[in-house]
Amino acid sequence: MKIVKGLPQVQKVWQAFLQAKGYDSTVASNIRILSATEEGEVVCQLNVEKIHLNRLKGIHGGFVSTLVDIGGSLAIAAKGMFSTGVSTDISVSFLSKATLDDVVTMRSRCDKLGKSMAYTTTELLKRNPETQAEEIVAYGRHTKFVLLAHQSDAKIKSDM
């Protein structure tokens, strides 16, 4: 059985996220996957909507953390995983704000996919309307336990 990697795998996993009708599909269904490589790099975009804002009209820190979580999962998926593990640690640094209607680009990569742990990094960027330069909104690191995900993927492949 050939392992599917890159963009087709990321699209398949993202559709599974959306079809689960859980938190991700409630707050982040407007994510557009632009590219993904077999090396575990994924680029997505989304428009900041009112649901994503805090009371000061900036992108909510909890939502940014969700994007780091999703980005890390999709980067793991790009390496061929359908089950992408469970979070053990997530950290986010906030550098600037995004506001309503800003287009945020997510650049995620899987830095290491081991037998039991995976390590990912996500940057969130937006264009400065005055200079058109990209600005970092936030960056985060996400660690996931993937031992059981590897076992789950092996079972899925053996059932095919």
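Helices (H or I, at least four residues) and strands (E, at least two) are DSSP runs, numbered from the N terminus. The model is a predicted one: local features need pLDDT of at least 70, side-chain atom pairs count only at pLDDT 80 or more, and totals for chains, interfaces and linings use all residues. Residues are numbered from 1 along each chain as its sequence is written, and side-chain values use heavy atoms, with hydrogens and water left out.

The protein chain has 4 helices and 6 strands. From the N terminus, the order of elements is α-α-β-β-α-β-β-β-β-α. The C-alpha atoms fill a box of roughly 50 × 30 × 25 Å along the principal axes. Of the 160 residues, 42% are buried, meaning under 20% relative accessible area with a 1.4 Å probe, protein chains only.

The largest nonpolar core holds 36 residues. Such a core is a set of buried Ala, Val, Leu, Ile, Met, Phe, Trp, Tyr and Cys residues joined through side-chain atoms within 4.5 Å. V10, W14, I31, V42, L74 and L124 touch the most other members. Two or more residues each come from α1 (6-19), β1 (32-36), β2 (41-47), α3 (61-78), β4 (103-113), β5 (117-127) and β6 (134-145). The largest share, 9 residues, is from α3.

Contacts (heavy atoms within 4.5 Å) were then examined. Leaving aside neighbours within four places in sequence, W14 is in contact with D24, A28, I31, I33, I70 and L74. Among contacts in the protein chain between residues at least 6 apart in sequence, 68% join residues at least 24 apart.

Notes
Buried < 20%, exposed > 50% of the residue type's maximum accessible area, 1.4 Å probe, protein only.
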